[in-house]
Amino acid sequence: MDEEYDVIVCGTGLKECILSGLLSVHGKKVLHLDRNPYYGGDCASLNITNLWQKFMPGTEPPKELGQNREWNVDLIPKFIMASGDLVKILLKTRVSRYLEWKSCEGTYVYQYQEAGLFSGPKYIHKVPASAADGLKSPLMGMLEKPRFINFAQFIMGWEDDKPATHQDIDPRRHTMAQVYQKFGLQESTIDFIGHAVALWPNDNYLNGPCGPTIQKCRLYLQSVLQYGGSPFIYPIYGLGGLPEGFSRLAAIHRGTYMLNKGVDGFVYDDQGRVCGVRSGDEVAKCKMVICDPSYAEPTRTEVRGQVIRAICILGAPIPETKNQEGKPALSCQIILPQKQLKRKNDVYVMMVSWAHCIAAKEKYVAIVSTVVETTNPEKEIEPALKLLGPIQYKFVQISEIRDPVTDGAADGVFVTTSYDPSSHFEDASTEVLALWKKITGESLDLTVLPEDEDQ
């Protein structure tokens with residue numbers, strides 16, 4: 001360890017591993033450390049024994065749950081947008097060749113509808129993924145459907161450099177509320193577009209410039225076209241393959257990895273710039289440090305809130321969720337918009353299963369997550385837990401959301417943020433690209449060449 005490196009990365013979470021891999025590819029000498037004996041940090045994938053040890057120390061998992069080799073439970077599972085930045089990074093770096101994917105079989109939004117004459121009450125509804133889906137969706141009445149289709153066609157026809165496609169909408173001047181008003185959309189339609197299509201976590205976006213929301217809606221619809229039926233994909237064997245794939249990329253380009261290696265602090269020079277990382281009696285010299293909040297000095301980050309995550313093992317799919325053939329869904333996402341629950345933040349449900357090789361045969365893993373708003377976080381997620389059907393085992397974790405207080409330019413220590421409760425990786429990908437630009441001074445070229453896509 002007593003060598004000099006261009007960059008030392010502390011923590012093997014996905015964001016840190018992506019940056020480690022990218023910097024190694026660009027010729028930097030990288031040392032990557034993690035205090036844990038496994039890759040992934042807070043977003044690691046655990047077998048069933050390790051899952052029990054983490055949440056119920058001193059106890060053994062029931063024999064009925066099968067062997068360790070059958071389980072890869074993600075502590076912070078998230079879907080990946082099929083046309084999003086993370087997929088572009090995977091293709092550009094060719095890490096995609098280490099992974100296999102399955103598409104998510106359905107995306108649902110929570111919207112309570114009272115029982116009818118011949119039907120019971122409904123709580124979740126499939127999010128329309130096209131204009132044709134919109135015509136069949138129970139989320140909208142007959143008069144609302146043509147208005148939604150006009151909006152969807154406007155989104156798909158939008159081209160940034162062709163004002164003729166903008167229908168007199170200025171993406172910097174007009175708010176998203178004004179766009180919805182232009183198309184005459186009802187509040188319930190606005191609710192599922194903003195939260196289940198644009199994937200905003202709350203309604204703050206309504207009074208901001210409409211440009212970012214239009215781009216988010218376009219990304220969703222473009223991602224649907226990649227696989228059909230759903231914009232989200234998920235790797236076979238869980239998310240643990242992502243940090244491992246980027247670690248392999250760094251190792252191929254002469255990066256050095258040390259797991260089970262504690263970090264006892266950073267060393268600074270007379271000008272206050274970081275010049276090393278201390279582990280026990282050893283000091284590795286460096287010009288820059290990248291780390292997750294758990295490795296940074298407490299004064300470098302501030303607590304923005306808390307996230308509650310409940311990992312639930314199920315013996316059957318979530319009721320009322322279907323794939324395109326009408327069979328029970330083996331994977332799905334459910335978004336419970338804030339307004340439906342009279343909250344400030346959305347609640348997210350994500351389910352994957354044995355079909356993704358993350359659980360024993362006929363077992364399903366659902367995770368419910370949200371930003372904590374009260375002193376009783378478990379009560380806050382009760383409406384989501386009720387959607388899951390019978391829960392065989394449940395593990396609850398409450399974590400701090402920490403943000404860096406400086407951008408790292410002054411002293412060379414770049415700290416990533418904690419993972420949010422959302423069920424997708426788009427915000428994490430955006431953060432990686434922003435950090436890359438801060439560190440290198442250049443935007444990362446995500447142009448995917450044909451030979452990259454073939455890998």
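**His424.** I started with His424, which counts as buried because its relative accessibility is 3% (buried is under 20% relative accessible area, exposed over 50%, partly exposed in between, with a 1.4 Å probe and protein chains only). I'm working on a predicted model, where local features need pLDDT of at least 70, side-chain atom pairs count only at pLDDT 80 or more, and totals for chains, interfaces and linings use all residues. Residues are numbered from 1 along each chain as its sequence is written, and side-chain values use heavy atoms, with hydrogens and water left out.

I found His424 in the loop between strand S21 (413–415) and helix H12 (426–440). Helices (H or I, at least four residues) and strands (E, at least two) are DSSP runs, numbered from the N terminus. The His424 side chain reaches the backbone nitrogen of Glu426 at 3.4 Å. Leaving aside residues up to four places away in sequence, His424 touches Lys78, Phe79, Leu199 and Phe232 (contact means heavy atoms within 4.5 Å).

**Helix H2.** Next I looked up H2, residues 48–55, where Ile48, Thr49, Leu51, Trp52 and Phe55 are buried. Down the axis of H2, these buried residues fall within an arc of 160°, so they line one face of the helix (the arc is that of the directions from the helix axis to the C-beta atoms). What do the buried residues of H2 pack against? I got strand S4 (45–46), strand S5 (73–74), strand S16 (301–314) and strand S20 (391–404). At the start of H2, a side-chain oxygen of Asn47 comes to within 3.2 Å of the backbone nitrogen of Thr49.

**H5 and H8.** I then checked helix H5 (residues 144–157) and helix H8 (residues 211–227): their axes come within 9 Å and cross at roughly 90°. Axes are lines fitted to C-alpha atoms, for helices over the stretch in contact, and angles run from 0 to 180 degrees between N-to-C directions. H5 and H8 are therefore roughly perpendicular (65 to 115 degrees; under 35 is roughly parallel, over 145 roughly antiparallel, the rest oblique). H5 brings Ala152, Phe154, Ile155, Met156 and Gly157 to the contact, and H8 brings Ile214, Cys217, Arg218, Leu221 and Leu225.

**Positive phi.** Most residues other than glycine have a negative phi. Gln167 isn't a glycine, yet I read a positive phi of about 50°. Gln167 sits in the loop between H5 and helix H6 (176–183), and is partly exposed at 37% relative accessible area. Tyr237, also not a glycine, has a positive phi of about 75°; I placed Tyr237 in the loop between strand S10 (232–235) and helix H9 (241–252).

Definitions and conventions
A polar contact is a pair of N or O atoms within 3.5 Å; within protein, one must be able to donate a hydrogen and the other to accept it, and residues adjacent in sequence count only if both atoms are side-chain atoms.
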